[in-house]
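Me: I'd like to learn how to read a model like this one. Could you walk me through it step by step?

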Amino acid sequence: MSAQPDHAPLTPYAPAPGAPAELLHQLRADRRAAQWVPAFERQWAKALEESRKSFSLAGLYEVVQEWQGRLAHAPVVDAFVASGCDDSDFIDMAELRGRRR
């Protein structure tokens, strides 16, 4: 018999209790803080409200994980942009979807 309720999916990732505060600190120190901090705060507030309704922390965990990934990959993205690599063969999927209509 499990102590977990049947309806509550297990979340494979659970950040440390201080992870959201540390993440916000890192976002504020980033050069993209003007865009990223408000975006994180909006997502966090939305996930927090959903968490209050659903009694699940999964949404909050997802927000933390997504933003940790964004911060972790930012230097690689910056290096790619700075390298001047030709990405002119990029296909804009949104544009393609618009053409099909």
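Me: Since it is predicted, which elements have the lowest and the highest mean pLDDT?

Reply: Here is the general idea first. Where pLDDT is low, the predicted coordinates should not be read in detail. In this chain the average pLDDT is 84, and 80% of the residues score at least 70. Among the elements, helix 2 (residues 33-54) has the highest mean, 96, while helix 4 (residues 93-100) has the lowest, 70.

Me: How do the axes of helix 1 and helix 2 cross?

Reply: Two packed helices are described by the distance between their axes and the angle between them. For helix 1 (residues 19-29) and helix 2, the axes come within 8 Å and cross at roughly 155°. Angles over 145 degrees count as roughly antiparallel, so that is how helix 1 and helix 2 run relative to each other.

Me: Which residues meet there?

Reply: From helix 1, Pro-20, Leu-23, Leu-24, Leu-27 and Arg-28 take part; from helix 2, the residues include Trp-36, Phe-40, Glu-41 and Trp-44. By class, this contact has 9 nonpolar, no polar and 2 charged residues.

Me: And what share of the chain is buried?

Reply: Buried residues make up 22% of the 101 residues. As for the surface, the chain exposes about 8000 Å², with carbon and sulfur atoms supplying 58% of it.

Key:
Residues numbered from 1 in each chain as written. Predicted model: local features only at pLDDT ≥ 70, side-chain atom pairs only at ≥ 80, totals over all residues. Heavy atoms only, no water. Buried < 20%, exposed > 50% of the residue type's maximum accessible area, 1.4 Å probe, protein only. Areas by Shrake-Rupley, 256 points an atom, 1.4 Å probe, with all protein chains shown as cover. pLDDT = per-residue confidence, 0-100. Helix = DSSP H or I, 4+ residues; strand = E, 2+ residues; numbered from the N terminus. Axes fitted to C-alpha atoms, helices over the stretch in contact; angles between N-to-C directions. Parallel < 35°, antiparallel > 145°, perpendicular 65-115°, else oblique. Contact = heavy atoms within 4.5 Å. Nonpolar A, V, L, I, M, F, W, Y, C, P; charged D, E, K, R; others polar.
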